[in-house]
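Hi there,

Here is the structure I promised to pass on, with my notes below it. Have a look at it first, then read on.

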Number of protein chains: 4
Amino acid sequence: MTGSATESTPRFDKPLVIAGRSFTSRLLVGTGKYRDFDETRAATEASAAEIVTVAVRRSNLGQNPDEPNLLDVISPERYTILPNTAGCYSARDAARTCQLARELLDGHNLVKLEVLGNAQTLYPNVVETLAAARTLIDDGFDVMVYTSDDPIVAAELASMGCCAVMPLGSLIGSGHGLLNPHALSLIIEAAQVPILVDAGIGTPSDAATAMELGCDGVLINSAIAHARQPALMARAMRKAVEAGREAWLAERMPRKTYAASPSSPAEGIIGS
Amino acid sequence: MTGSATESTPRFDKPLVIAGRSFTSRLLVGTGKYRDFDETRAATEASAAEIVTVAVRRSNLGQNPDEPNLLDVISPERYTILPNTAGCYSARDAARTCQLARELLDGHNLVKLEVLGNAQTLYPNVVETLAAARTLIDDGFDVMVYTSDDPIVAAELASMGCCAVMPLGSLIGSGHGLLNPHALSLIIEAAQVPILVDAGIGTPSDAATAMELGCDGVLINSAIAHARQPALMARAMRKAVEAGREAWLAERMPRKTYAASPSSPAEGIIGS
Amino acid sequence: MTGSATESTPRFDKPLVIAGRSFTSRLLVGTGKYRDFDETRAATEASAAEIVTVAVRRSNLGQNPDEPNLLDVISPERYTILPNTAGCYSARDAARTCQLARELLDGHNLVKLEVLGNAQTLYPNVVETLAAARTLIDDGFDVMVYTSDDPIVAAELASMGCCAVMPLGSLIGSGHGLLNPHALSLIIEAAQVPILVDAGIGTPSDAATAMELGCDGVLINSAIAHARQPALMARAMRKAVEAGREAWLAERMPRKTYAASPSSPAEGIIGS
Amino acid sequence: MTGSATESTPRFDKPLVIAGRSFTSRLLVGTGKYRDFDETRAATEASAAEIVTVAVRRSNLGQNPDEPNLLDVISPERYTILPNTAGCYSARDAARTCQLARELLDGHNLVKLEVLGNAQTLYPNVVETLAAARTLIDDGFDVMVYTSDDPIVAAELASMGCCAVMPLGSLIGSGHGLLNPHALSLIIEAAQVPILVDAGIGTPSDAATAMELGCDGVLINSAIAHARQPALMARAMRKAVEAGREAWLAERMPRKTYAASPSSPAEGIIGS
């Protein structure tokens, strides 16, 4: 995390750049778990996301020509589609799924890799993830990669050429927020590529916390789709991500044991 | 906290009403601790606050006619001025300070009462606070009252007629955030008047958390004034308060041990 | 909290002294909520407590001569009996209850005062508590007093002559542990009399944490009585209190961002 | 974590068995970071540990015949010596270090494997750790293995034949305690071999918390060696580990929002 309060220049904003593309929004959203396509569309619009992830194995991206196509709702002309490998438990399955996505999406190279350890926890299998990432990068993919909060694995994924590393806050779909902000900070401090927190966010305050830690973005699905009012929650998440980013730029006040401690000189009347 | 996910109707927004006045913004800000009036003005505008609190004993509201007047910067025509009794350690001093404010502000009745226990911690003295609140209400004031996170004292302040109760998140000026959300929830659940968290907020995620708990607003001063870029932090706080409010309205997803737990049925392809 | 790692002399142990009596054990226990007197006896013995509190309004201390007397199980010859005012909601009721206890216990002056705010939360009513403490001290009682974690109220109770101040960790019977260790530290740092954490402890780690903060003892009832195996939990609590006390005396290692940080010099082979 | 409060039989204690050896103590200690051998001896004795780990690369176990030998202080006749690979950053180095230890210790097969990711964080490199574990098991070692809190990696290490899995609480030497108890619980719930928390414990309350989660033991070094009074802290840690174990056996009370909630029936006078 660069930029402490003692630096000579304040932080200024820069766009998020992933695989050569530049984005204004730092909130990425998923398309699963909604009741219907109308709800998906309304929430996605309210989120103001520019990158939208779709589970290749669970969504119809044209595989089933007689059924409604998710891409009619989430248009590739409007959004950067991010096919993901949800439901894959081996490097091989994940690689195949990405290849399928590339075919369905006319040569689209940007993917979100996730290789899961088991169906109960949906925790990533980092060994298989490392293997799949190598394969996919060699095959010409731009790989955004879901991983644990292990800083050594995260650094390895970045150094092999992943275009974004996406550590979990807590288990996928759990809504437990950021269970180990300290581990996330280790990853962020050492980051060579964008770091996006990608699982577990349950509330806007969780999303803001992630951004305040200095991460580059967050990906949210369940917390929006499973809120009682998804579109309203999507709007809340958008504001929270912006708030967290601006707070990181603005640099927070130091924590003090007492306001009247030495670092907080007594003040007189302002302007006098 | 009314309105669980099992209620029949979703929550909808209502304006914040204090002492008969209606407000859109749920972020109240202070005017202390800024470097100069320009910074005060810029941050206040960026916050979009409608209620702005001023420390009667530390600000020039006209007491010193030859010096710059804070009210030229924070105009009573644009903002609801909320004189506060910062620096008072007894009910008597606090009451006098409110009376002085009423004179300076042409009969203005709305005040924020704070009676502190000592200069080191700035923790409220709840016994003196209760006494001062009674005196001020009898004297015709509309009393918003800073207090501890003691739910019994908070309920007593509401039932004697305070128009808003303002429990602390942590010590004034400490930036420690919400040290005891459980205590704040007890106060919010039993609330008969608006509850505003009034000390200790350090970051936008703290502010969002307060709103997600169901409180009606937050008051922030140090976290904006002592950020490296105050106006940018003010904007972040505005968004965080809105995000937290909307999240409370939208009702968050339930926390789950595992996403695949019984409350999370396996899903097929959406739309198929 | 006196005694940082930079002091010239290490901390050494002293007995706990309350109202002129000296105690070795820093674990106080209650007698409520057990299935029967056998369980009460076994758990009390396993706790090695020297002070045992009894709810005057809920226990038979001789009021009902035809029924089993708690004092036959918890003998005043072996234990320091601490009558408490559980179930009292006003200063007046609490004072009367203490007077009844003094009669039943042949002039016994040591009492634990608790005046509750309401039956749902069992949170203390600090205004009534302050009033009752004054009355009881004037009436010759040695008053140990249950209170909130408000440091101003705690200091006031000590300065009026209470012989021990007993702030809550969380709500009575909740088992939520120490919800606000920061507030407890404020009380401990300013303490003029013994500080004992008196509600909410759920586990041995909670008890150890309280002692590590520097408090002088803890009082536990529900966490022992409502464990599946109360006597075994009582023994665990005894060890945890001793562990926490010894850790406070031994002074913990400093927290470090990294072990290899400047405060942690690289080490060679020991003994070489 | 087997054994909820609704099971038909209470939990009962069993010895800790690692690689066919049975142990009474569940506190393992290290020998590094002490000022001198006298302090090492005193603290080790006070801990009542039966397994003592020694860093092969940093301790003289006979490599330097003219210098004091750690094994004269920590006798293999009294303690189970656990050579560890601290300071190794590759599977190859770690395997060699274990072979060296086996030679120095006359065919001793029990080792603690740690392969670190970098010198700043000392976080484990799980990929190299998995590789080293395979090599060492094939070479006839009994491998206790330090790892991250990744439940998939932990399960893989157990299923390949490691005799104990030792996830971190936080960074080695940091004293930050258990930063992610939820991740540790996932490992414990799925455990096929003993789980011992092996880094980051700073206080007895941390150690008790680990045991309350249901882990089988803890390994502590810095928190004892860097306390101001190491032998006293060692004794505190011993008690805390016993307390945490007994609490897990005794099964804690349920957490309750209010004591007076439905799960807490109103009580009459005991014995009446």
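In this predicted model, strand S9 (residues 196-197), helix H7 (residues 204-212) and strand S10 (residues 217-220) of chain A make a right-handed β-α-β unit. The two strands of that unit, S9(A) and S10(A), run parallel and are joined by two bridges, with A:Leu196 standing opposite A:Gly217. S10(A) also pairs with strand S3 (residues 27-30) of chain A, again in parallel, this time through three bridges. In that pairing, A:Leu27 stands opposite A:Val218.

Which way do the residues of S10(A) point? A:Gly217 and A:Leu219 go one way and A:Val218 and A:Ile220 the other, and all of them are buried.

The loop between S9 and H7 of chain A holds A:Ile201. Is A:Ile201 buried or exposed? Its relative accessible area is 6%, under the 20% cut-off, so A:Ile201 counts as buried.

Now for chain A as a whole. Its secondary structure comes to nine helices and 10 strands. The radius of gyration is 20 Å, close to the 19 Å that the globule rule gives for 272 residues, so chain A is as compact as a globular protein of that length. Along the principal axes, its C-alpha atoms fill a box of roughly 75 × 40 × 35 Å. Of the 272 residues, 61% count as buried. Among contacts between residues at least 6 apart in sequence, 65% join residues at least 24 apart.

Two backbone angles in chain A may interest you. A:Ala48 has a positive phi of about 60° although it is not a glycine. A:Ala48 lies in the loop between helix H1 (37-47) and strand S4 (51-55), and at 37% relative accessibility it counts as partly exposed. A:Leu122 also takes a positive phi of about 60° without being a glycine. A:Leu122 sits in the loop between strand S6 (110-113) and helix H4 (126-138) of chain A, and it is buried, with a relative accessible area of 15%.

At the start, a side-chain oxygen of C:Asp36 reaches to within 3.1 Å of the backbone nitrogen of C:Asp38. Just after the helix, C:Ala48 takes a positive phi of about 60°.

Finally, a stop in chain D. D:Pro181 is in helix H6 (residues 181-189) and counts as partly exposed, at 33% relative accessibility. D:Pro181 and D:Leu213 are 32 residues apart in sequence, and their C-alpha atoms are 7.7 Å apart in space.

Best wishes

Methods. Residues are numbered from 1 along each chain as its sequence is written. Chains are lettered from A and ligands numbered from 1 in the order in which they are written. This is a predicted model: local features need pLDDT of at least 70, side-chain atom pairs count only at pLDDT 80 or more; totals for chains, interfaces and linings use all residues. Side-chain values use heavy atoms; hydrogens and water are left out. Buried means under 20% relative accessible area, exposed over 50%, partly exposed in between (1.4 Å probe, protein chains only). Helices (H or I, at least four residues) and strands (E, at least two) are DSSP runs, numbered from the N terminus. Two strands pair if DSSP finds at least two bridges between them. A crossover is right-handed if, with the strands pointing away from the viewer, the path from the first strand over the helix to the second runs clockwise. A polar contact is a pair of N or O atoms within 3.5 Å; within protein, one must be able to donate a hydrogen and the other to accept it, and residues adjacent in sequence count only if both atoms are side-chain atoms. The radius of gyration is taken over C-alpha atoms; the globule rule is 2.2 Å times the number of residues to the power 0.38. Contact means heavy atoms within 4.5 Å.
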